[in-house]
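Reader: I am new to this protein and would like a friendly tour. Could you show me the structure before we start?

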Amino acid sequence: MRTESGLLRRLLTGGIGVVFVALAATACGVSVESNPRALPAVATQEIGSPTPVPTESTATRFVPLWFVREGELVPVDRRTDEAMGPQQKLDALEAGPTQVELDAGLRTAVNSVVPDVPLVITAEADGVPVAPSDPRQLPVVVSEEFGSLPSQEQLLVLGQVVITLTDSTDQSVLFVSDDGTPVGVPLPDGRLVNRPVTFVDYRELIAKNG
C-alpha cells in the first residue's frame, strides 16, 4: 500500500505541473500546438530577401577644357554626365565658355566664322583617312580659315586644342589638311614644325596662376 500511495502522489504532482505549464502558455497568448508550423511565404521573403538600396548609376565627371584669358590659357573643369571623346571636346571648345565663364573673362580662340565649317575637327569625324604612325597620335584637320588667322590667334587655337586633347606627354596631335597631308604649325618660340605636337610644346602658353 505504501508503494501504491507514493506512485499515486507522483502521478498527481506531474499532472498538476503539466496543467500549470499549459495554463501559463495560454495566459501569455501562445497557443499550444503538437507539431511545428512553417512561417508564411511573405515572412520568409522579408527575412531572406531584403530590399536592395538604390544606388546612383551614373557618376558625375569633370572634364578639363582650356580657354583663353588675357592671351593665356586657363583650365576649366566642365561638368558632364558621360565621358567626352576628342571630337566632343573640340565641339565644347568651339561652343565656347558658359555665361559664368564669360563673366570671369574667358573666351575661346577655337571659333570659325565660316558657316558649317569648323576651324578644327578630328580626322575621324571629318572622314579624312589618316594612318598615324603611332596609336597615341590624334589626327586633327585644320580648315583653310586657320591659315588666315593672326599668328598669336593661331598659337592660342593650337594651345587650346593640344592641351585639351592630350592629358599626358605620351599623347600628341598631328595637324593635317582636309586631304590628310600634315601641315606645319607654329610653336610659342617662333619655330614652325611639321610633326605631331604635344602638351610640352604649348605649356608655355599656360597662365602662371592657372
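What follows is a set of questions and answers about this structure.

Author: This is a predicted model, in which local features need pLDDT of at least 70, side-chain atom pairs count only at pLDDT 80 or more, and totals for chains, interfaces and linings use all residues. Residues are numbered from 1 along each chain as its sequence is written, and side-chain values use heavy atoms, with hydrogens and water left out.

Reader: How many helices and strands does the secondary structure of the protein come to?

Author: Helices (H or I, at least four residues) and strands (E, at least two) are DSSP runs, numbered from the N terminus. Counted that way, the protein has eight helices and seven strands.

Reader: What percentage of the residues in the protein is buried?

Author: Buried means under 20% relative accessible area, exposed means over 50%, and partly exposed lies in between (1.4 Å probe, protein chains only). Of the 210 residues in the protein, the buried share is 33%.

Reader: Is Pro-139 buried or exposed?

Author: Pro-139 is found in strand E4, which covers residues 137–142. Leaving aside neighbours within four places in sequence, Pro-139 is in contact (heavy atoms within 4.5 Å) with Thr-122, Ala-123, Val-130, Pro-132 and Leu-174. Because its relative accessibility is 11%, Pro-139 counts as buried.

Reader: How is Pro-86 classed by its relative accessible area?

Author: Pro-86 is found in helix H3. Not counting residues up to four places away in sequence, Pro-86 touches Thr-122, Leu-138 and Leu-165. Its relative accessible area is 39%, so Pro-86 is partly exposed.

Reader: Which residues of H3 are buried?

Author: The cover over the buried residues of H3 includes E1, strand E3 (120–122), helix H5 (123–126), E4 and H7. The buried residues themselves are Gln-87, Lys-89, Leu-90, Ala-92 and Leu-93.

Reader: Is H3 oblique or perpendicular to H7?

Author: Axes are lines fitted to C-alpha atoms, for helices over the stretch in contact, and angles run from 0 to 180 degrees between N-to-C directions. The axes of H3 and H7 come within 10 Å and cross at roughly 140°. Angles under 35 degrees count as roughly parallel, over 145 as roughly antiparallel, 65 to 115 as roughly perpendicular and the rest as oblique. That angle therefore makes H3, relative to H7, oblique.

Reader: Which residues of H7 make the contact with H3?

Author: On the H3 side, the contact is made by Pro-86, Lys-89, Leu-90 and Leu-93.

Reader: What is the distance in space between Pro-86 and Glu-124, C-alpha to C-alpha?

Author: In sequence, Pro-86 and Glu-124 are 38 residues apart. In space, their C-alpha to C-alpha distance is 9.9 Å.
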